[in-house]
Amino acid sequence: MALRDLSLRTASLFGRNARPAVHAVCPSFCRNASLEAVELETASSLEVPPPPVEAAQNFDPIARSRARRLRKKPLPPSRYQFRPPKYYRGPLHPHQPPPVSDPASRLFQPGPFSLPRLEQTYQTTIAPDLLTLTYQHYPYGFKHPKVTQRLREWTGDSPYFKGRPLRGPRGSSSLRLLTPPRTWRNVPEITKVVVHTMVPEAQENSAHLHVAGMVVQAMTNVRAQTHKSRSNVVSWGLRKDKYVSVTADVEREDTFHFLSKLVDVVLPKIKEWKGVSGTSGDGSGNISFGLTPDQVALFPEIEVNYDSYPPKMIPGCHITVQTSATNDRDALLLLQSIGIPFYGKLKD
Amino acid sequence: MNAGQQTTRRIASKAGRSICRSCRDSSKTYATAAAAVQTEDATAQHIPPVATPSQALSYAVNAGVVLSRPPVLTRDLHPFEAAFFLYQRRLNERLALPFTRYFYFKKKTPADLEWKRKIKQRLTPARDIGRYKGYGEEAWNDELLVGAPESELQHQVERLLEDAEQSGEEGKEGENGEEDTSAAMAGGKTVKHDPVERPMPRVTEADIKGDVKSLNRALPRTLYLLVKNRDGQWMFPQDKMQGRENLHMAAERILTKAGGVNMNTWVVGNQPIGHYIHDYPEQVRSSSPNPNELGFKTFFMKARIMAGQADLKNNGLGLSDFQWLAKEEVQKAVEKPYWHAIRNMLAER
């Protein structure tokens with residue numbers, strides 16, 4: 001390799017000397033970017049025509065491998081059996097794992113598998129409508145008044161007020177999110193859905209936890225996670241460090257599939273359901289609601305083999321829809337436009 | 001509603017007929033408005049000075065309606081997208097955790113045997129993307145070749161329909177059918193295939209005929225209502241603002257006036273989504289009854305049609321024809337300055 005480089009370098013040196021005198025006086029160790037560029041290949045690989053159609057049609061990998069086996073000349077196995085290292089041994093180790101996006105990686109997750117209908121509806125219809133609905137026009141040249149300090153200062157003549165950390169807002173310990181003026185860049189969208197099930201019965205009989213996990217997994221297409229109880233709560237019958245709940249974080253493509261299933265299949269089948277409470281929401285654009293065990297059983301994945309689940313073990317669940325909206329009103333509008341009904345006074 | 005809009009409306013309600021806000025501000029109330037702003041907060045609110053034209057010159061204010069039908073179908077996938085999704089699904093077949101059989105079926109129960117028989121017949125969970133053989137001498141051969149039937153959408157749809165039609169009884173028949181066909185015939189185990197409803201075609205009759213008046217065309221696209229006005233130009237329905245009405249009310253009035261009552265529409269929000277300024281040519285202006293009117297400004301409101309169809313019979317705006325067009329068809333139908341004003345408020349798809 002080094003020898004080949006050397007010959008190339010010498011060849012290019014000769015070539016440089018053949019150029020006009022201005023370049024010839026330049027000493028050979030004076031190499032700069034423009035000179036380097038001369039050595040670049042001008043031909044583009046894109047100009048190479050694709051292989052002929054017949055080559056693709058006549059390509060038969062099975063026949064090739066059989067022929068090779070008949071000739072007793074198998075491919076060297078080591079070259080085709082790459083296994084990424086199980087543990088990461090640091091950046092200096094010679095055996096480095098491939099990037100996560102590589103299918104050979106142990107951490108590779110395939111996907112996405114489709115372009116969900118709800119996502120397309122959001123892009124083409126819902127987002128432009130939300131922008132029109134929530135846009136606030138300001139006259140040309142208007143500048144928003146700048147609020148530099150949202151925390152309150154300590155006023156009074158106590159000497160202890162000097163240098164004391166600022167007070168939080170009235171009535172709460174933390175500041176609420178600021179809502180920036182609406183533009184086409186910050187139209188609220190759904191970022192994540194969390195499905196959560198709490199099964200305190202699992203402390204006595206772990207079968208409840210297994211069933212809850214399988215139900216949540218079937219509903220969401222996401223591997224469920226289990227959680228331990230953090231503390232003893234006697235009145236709820238909770239004991240510390242016992243597995244009591246199951247969650248699934250539904251993200252990206254699965255979010256749209258899950259929500260469209262919920263809105264189009266499950267919710268219309270619920271009898272005498274008023275809808276989601278209009279006062280639901282945490283104040284920063286995340287809205288939660290619950291489903292009873294009967295309603296969970298209406299999911300098509302569970303309905304199709306309802307008898308396979310042990311009787312009376314299908315749990316209810318809480319569904320939290322996380323949006324990029326910074327207040328509940330915008331999040332509510334988004335969920336309404338997706339098709340989730342709300343009842344009662346709508347939260348502002 | 002914010003204070004600014006209320007002020008605007010109050011001023012508008014005082015005036016007899018609608019003229020543009022900037023014209024009015026510059027003519028009458030600019031000084032008072034500036035004084036009011038000064039007293040409030042000079043640093044926060046900055047309203048730039050407007051050059052004062054001669055007093056009476058102004059634009060008429062029109063309201064326009066961009067009535068649209070949102071896409072009904074999903075869009076066609078780009079070939080690269082389709083190939084990518086297929087590749088990822090086939091990868092998933094290899095990498096997904098196996099089906100947890102022992103959770104659903106207890107060992108050696110009839111249900112378990114039934115499942116075994118069905119999976120033996122079915123071979124793979126996903127029917128439409130080809131079978132993955134993970135074991136054996138040729139397990140390495142798991143990539144689709146160029147031009148494989150599995151990569152065609154129609155093939156995938158057919159496989160799914162085939163799967164839906166099969167009841168799972170086929171394997172049973174095969175077992176005793178191989179022993180003696182007469183016994184199977186006598187046993188009366190005939191497999192019935194319930195015909196599954198085929199998906200509707202993505203291309204409708206109106207598409208084939210090129211019927212631009214139908215709402216049942218170009219289903220994956222947004223369609224916009226264009227009307228032909230008195231001068232024979234294609235444009236969105238528009239009319240002069242009347243009296244004390246606001247843009248939202250005007251949009252609703254124009255919709256009923258232009259398209260009749262047989263349209264179920266929703267005017268989205270109270271804000272216009274775009275505007276178009278038309279200047280009259282000098283000779284037209286001088287010969288018109290109101291020579292101080294420089295032209296008109298049309299503010300477009302967004303509206304969606306839910307059901308129904310436009311009907312131009314007895315319309316009050318002198319319209320002669322209408323069309324439902326997608327974005328690039330709108331570009332061909334309207335005039336160039338009008339297109340430059342409206343193109344950014346139309347959805348790409």
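Is A218(B) buried or exposed in this model? With a relative accessibility of 15%, A218(B) counts as buried, where buried means under 20% relative accessible area, exposed means over 50%, and partly exposed lies in between, all with a 1.4 Å probe and protein chains only.

Before I go on, some notes on how to read what I say. This is a predicted model, in which local features need pLDDT of at least 70 and side-chain atom pairs count only at pLDDT 80 or more, while totals for chains, interfaces and linings use all residues. Residues are numbered from 1 along each chain as its sequence is written, chains are lettered from A and ligands numbered from 1 in the order in which they are written, and side-chain values use heavy atoms, with hydrogens and water left out.

Let me stay with A218(B) for a moment. You will find A218(B) in the loop between α9 (205-209) and β2 (223-228) of chain B; helices (H or I, at least four residues) and strands (E, at least two) are DSSP runs, numbered from the N terminus. Leaving aside neighbours within four places in sequence, A218(B) is in contact with R69(B), D207(B) and L223(B), contact meaning heavy atoms within 4.5 Å. A218(B) and A206(B), which are 12 residues apart in sequence, have their C-alpha atoms 8.5 Å apart in space.

Now to chain B as a whole. Chain B has 13 helices and eight strands, and buried residues make up 35% of its 349 residues. Among contacts in chain B between residues at least 6 apart in sequence, 72% join residues at least 24 apart.

How far does the predictor trust this chain? The mean pLDDT of chain B is 82, and 77% of its residues reach 70 or more, pLDDT being the predictor's confidence in each residue, from 0 to 100. Over residues 27-44 of chain B, however, pLDDT stays under 50, and the model has 13 contacts beyond four places in sequence for them. Residues 173-188 of chain B are also below 50, with five contacts beyond near neighbours in sequence. Where pLDDT is low, the predicted coordinates should not be read in detail.

Next, please look at where the two chains meet. The contact takes 38 residues from chain A and 40 residues from chain B. Between them the chains bury about 3,500 Å², 61% of it on carbon and sulfur atoms; buried area is the accessible area (1.4 Å probe) that two parts lose on being put together, summed over both.

There are five salt bridges between chain A and chain B, each a side-chain nitrogen of Lys or Arg within 4 Å of a carboxyl oxygen of Asp or Glu. D129(A) forms a salt bridge with R304(B), and the closest N and O atoms are 3.0 Å apart. On the side of chain A that touches chain B, the elements giving two or more residues are α5 (61-70), α7 (117-134) and α8 (207-220) of chain A, and the largest share, eight residues, comes from α7(A).

Finally, some details of the backbone. G111(A) and P112(A) are joined by a cis peptide bond, with omega about 0°, and P112(A) is found in the loop between α6 (77-80) and α7 of chain A. E272(A), a residue other than glycine, has a positive phi near 50°; E272(A) is exposed, with a relative accessible area of 83%. In chain B, N314(B) has a positive phi near 60°, and N314(B) is exposed, with a relative accessible area of 77%.
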